[in-house]
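Open the model in your viewer and keep the selection panel at hand.

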Amino acid sequence: MSLATALKTGDATVLPSRRDEDWRWTDLRGLIRVLPEPAPKFDGEVPAGPFAGLTDGEILFVNGRHVATSGQGEVMGLRFVAATDKASQGASYALVVEPGANLTLLESHEGRAAGYVTDVALDIAVGEGASLTRIVLVEDEAEAVNVVTARVELSAGATFNQTVLTGGARRQRIETQVAHPGAHAQVRLDGIYLLNAQRHADQTTVVTHDGVDGVTSQLTKGVVADQARGVFQGRIIVAEGADQTDARMGHHALILSDKAEVDAKPELLIFADDVSCAHGNTIGALDEEAVFYARQRGIPELEARAMLTEAFVGEVVERIEHDGARQIAAAWVARQLGREE
């Protein structure tokens, strides 16, 4: 059951629902009774994306269609643009990072229409000793439904670093599945969700360690206000024989409203000995004592709360190694919190 299958067949009954354990907080079948008509070919001009000026080349999808590829280099843009109201679209893309190569992928999902339904599937292979940094900025329209699934396969000695930034949608799920070979490969999976109104965001990750001596580090931070709902599902599987695995996961969220909700399910499934694994999960409110001290220094209450919230998620932003992408991420956080200059 998947959104991709539903878009291909037009059958909404195959959508995942709350009866599916991994989808119980992101019910699509209960929301979508009839799928929108397929998106038409888009012939208009597409404005520049959020990472414009930072890339050596760009791969552009509009309404699910691959419309352009320009340039190539070590920093590539990958854009998925929804440009037609109340339309459905599916897109897929395969990426191979050759052995020993280094690539930074600046990926954006841009809602430039209303009420669309989108499914994006990525297949990523990172060769032996290669490095891929994937920065994902998801800016959906409030009434959109969007599912993005990346399947990542690593070779020995590979490095995969990822940061997902999202403001949610009517329903949204950003899922990453990593096949980890051990063998000195390293994975970092980070995320930020900043949600207000009635927006929903689901960040789901599955990392499967299949070999000896692999590293995974994961940090996700979220903030939900109004009637928003944040979902975090992180699963790290250490298979039998994957000894000397070092895997650590952290999820921390702030709830800024009595009607907001966060559902978190961090999991460690360990079938090997001689491993170092841990996970942490905290959900709470802003520190009122810190707000008080900020106000004592003449900072208005709303600004003080925004400053503290920005600092809370700033730890994830600072882990982005690409300077330009880190600046874009910091500006996006400030804008989401109403603190842009």
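By class, which residues make up the lining of the largest pocket: how many are nonpolar, how many polar and how many charged? Eight are nonpolar, one is polar and three are charged. Bear in mind throughout that this is a predicted model.

**Stop 1: the pocket**

Select Ala 225, Asp 226, Ile 255, Leu 256, Ala 285, Leu 286, Glu 288, Leu 302, Arg 305, Ala 306, Thr 309 and Leu 337; together they line the largest pocket. The space inside amounts to about 300 Å³. Now colour α3, which gives the most to this lining, with four residues.

**Stop 2: from helix α3 to strand β14**

Stay on α3, which spans residues 301-318, and pick Glu 315. Glu 315 forms a salt bridge with Lys 221, and their closest N and O atoms are 2.9 Å apart. Lys 221 sits in strand β14 (residues 215-224), so the pair links distant parts of the chain, 94 residues apart. Show the surface next. Is each partner buried or exposed, or in between? Lys 221 is buried, at 8% relative accessible area, whereas Glu 315 is partly exposed, at 41%.

**Stop 3**

Select Glu 143 and Arg 170, which form a salt bridge with 3.8 Å between the closest N and O atoms. Glu 143 lies in the loop between β8 (131-139) and β9 (145-154). Arg 170 lies in the loop between β10 (159-166) and β11 (171-180).

**Stop 4: a network**

Select Glu 58, Arg 79, Glu 110 and Arg 112. What links these four residues? They are joined in a network of salt bridges. Zoom in on one of its pairs: the side chains of Arg 112 and Glu 110 meet at 2.9 Å, N to O. Glu 110 is buried, with a relative accessible area of 5%. Arg 112 is partly exposed, with a relative accessible area of 38%.

**Last stop: the whole structure**

Zoom out and show the charged side chains. How many salt bridges does a search of the whole structure find? The search finds 20, among them Arg 112 with Glu 110, Glu 143 with Arg 170 and Lys 221 with Glu 315.

Definitions and conventions:
Residues numbered from 1 in each chain as written. Predicted model: local features only at pLDDT ≥ 70, side-chain atom pairs only at ≥ 80, totals over all residues. Heavy atoms only, no water. Buried < 20%, exposed > 50% of the residue type's maximum accessible area, 1.4 Å probe, protein only. Helix = DSSP H or I, 4+ residues; strand = E, 2+ residues; numbered from the N terminus. 1 Å grid on protein atoms, 1.4 Å probe; cavity = no way out; pocket = protein on both sides within 12 Å on 5 of 7 lines; lining within 4 Å. Points joined across faces, edges and corners; volume = space filled by probe spheres on them. Nonpolar A, V, L, I, M, F, W, Y, C, P; charged D, E, K, R; others polar.
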